[in-house]
Amino acid sequence: MDWKKWMNKLLSPPAIAVIIMTFVCTVALVHTLAHGHETHPLAYVTYVFSFYVLCVIVYGLIKVVPGYYKNTKNKVYSHPVGEKFMTDASFRTHVGVNASLYVNFLYALVNAFAGIWYSSWWAMSLAVYYIILTVLRYLLAHYMKNEDIYISSIKGYKLANLCAGILMTINFALSGVVVLIILKKEGFSYGEIFIYVMALYTFYITILAIVNLIKYRKYKNPILSMAKIVNMAAALVSMLSLETAMLTQFGKDMSETTKTIFIAATGAGVSIIVITMAIYSIVHNKKSLKALRKEQTNE
């Protein structure tokens, strides 16, 4: 028998068999780890069996996912709104800004509630920070709704500079809050399961923000660029918030000095990055605005 066919047959058991094997290996692993039998001879059988099941699942996904992705993509492009979302950067950014606006507002409410409930300055500060980000996103969304962002305008550059200035100001304030948190030795804690959800969400929005910040540079539009800078600022502050929560949750054996160093370093890094992006945006927009005014005067 051809080894490729043999391997395909080995890694492609019936779906019902995959479900049963997944259940069995899950129960076996939980039992092994929960009762401290990690070095028992049967434990190694469980590890090998679990690895095989994992290979079967991954192999199945490799075979199935591309087809589903292609079909889903075709369905999206077949719909007018879906095609516009996939091909029109302006529309896609407008949708993203509006969605982020509501998520930001909800996140601000959650932090405000946590700040009041737990008497946490850190949570209250985050609430204020995200409320201001919500306002910035509203301004950007309102502009995108009423203006053609593909056409550089004086109004667009002025709005981008206003948002950059506000972003820079609130990050100076955030730096002060970080210092206050360090001095008061106050942390913030999520639930044990919720903290992992927040970690996944934080890493996802951070990676997405970096990719979009680089991707949308080619459009050289102040509103698009500012929308991505605001996304990056929100992601970085979420990272700082996550670190504070994780140190509170899992750093009970860590000295206060070490915690202080971690929080201070991350807080300084976040503030420097966001403030640098804001300053760069203001300088670049002023140069572009000057050139645009000169061009309009010559016309």
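1. Tyr-47 is partly exposed, with a relative accessible area of 29%. The model it belongs to is a predicted one. The figure of 29% falls in the partly exposed class because buried means under 20% and exposed means over 50%.

2. How many aromatic pairs does the structure hold? The count is 3 aromatic pairs. One of them joins Tyr-44 and Tyr-47, with 5.8 Å from centre to centre and 90° between the planes, an edge-to-face arrangement. These two residues both belong to helix α3, which covers residues 41–78, and they are 3 residues apart, about one turn of the helix. An α-helix has 3.6 residues a turn, so residues three or four places apart point the same way.

3. Tyr-107 sits in helix α5 (residues 89–118) and Tyr-130 in helix α6 (residues 121–146), so the pair ties together parts that are 23 residues apart in sequence. Are Tyr-107 and Tyr-130 buried or exposed? Both are buried. Together with Tyr-129 they make up one aromatic cluster.

4. Now the chain as a whole. The protein chain has 10 helices and 0 strands. Read from the N terminus, its elements therefore run α-α-α-α-α-α-α-α-α-α. Of its 299 residues, 37% count as buried. The accessible surface is about 18,400 Å², and 71% of that surface belongs to carbon and sulfur atoms.

5. The overall dimensions deserve a comment. The radius of gyration is 25 Å, whereas a compact globule of 299 residues would have one near 19 Å. Taken along the principal axes, the C-alpha atoms fill a box of roughly 80 × 55 × 30 Å. As for contacts between residues at least 6 apart in sequence, 75% of them join residues at least 24 apart.

6. Nonpolar side chains come next. In soluble globular proteins, such side chains tend to be buried together. Here the largest nonpolar core has 52 residues, and those with the most contacts inside it are Trp-122, Tyr-129, Tyr-130, Leu-133, Leu-140, Leu-167 and Met-226. At least two residues of this core come from each of α5, α6, α7 (154–184), α8 (194–215), α9 and α10 (256–298). Which helix gives the most to this core? Helix α9 does, with 15 residues.

7. Helix α9 spans residues 222–250, a run of 29 residues. From its first C-alpha to its last it reaches 41 Å, close to the 42 Å expected at 1.5 Å a residue. Why is α9 described as largely enclosed by the rest of the structure? The reason is that 24 of its 29 residues are buried.

8. Leu-140 touches Val-97, Leu-159, Cys-163, Ile-223, Met-226, Ala-227 and Val-230. Thr-202, in helix α8, counts as buried at 1% relative accessibility. Its contacts are Ala-235, Ser-238, Met-239 and Leu-242.

9. Apart from residues up to four places away in sequence, Ser-281 touches Asn-161, Ala-164, Met-226 and Ile-229. Thr-266 is also placed in α10, but at 22% relative accessibility Thr-266 counts as partly exposed. Thr-266 and Val-178 are 88 residues apart in sequence, yet their C-alpha atoms are 9.6 Å apart in space.

10. Last, a residue on the outside. Leu-42 has its place in helix α3 and is exposed, with a relative accessible area of 58%. The C-alpha atoms of Leu-42 and Ala-28 are separated by 9.7 Å, and the two residues are 14 apart along the chain.

Methods: Residues numbered from 1 in each chain as written. Predicted model: local features only at pLDDT ≥ 70, side-chain atom pairs only at ≥ 80, totals over all residues. Heavy atoms only, no water. Helix = DSSP H or I, 4+ residues; strand = E, 2+ residues; numbered from the N terminus. Expected span 1.5 Å × (residues − 1). Buried < 20%, exposed > 50% of the residue type's maximum accessible area, 1.4 Å probe, protein only. Phe/Tyr/Trp six-rings, centres within 6.5 Å; stacked < 30°, edge-to-face > 60°. Rg over C-alpha atoms; globule rule 2.2 N^0.38 Å. Contact = heavy atoms within 4.5 Å. Areas by Shrake-Rupley, 256 points an atom, 1.4 Å probe, with all protein chains shown as cover. Core = buried A, V, L, I, M, F, W, Y, C linked by side-chain atoms within 4.5 Å.
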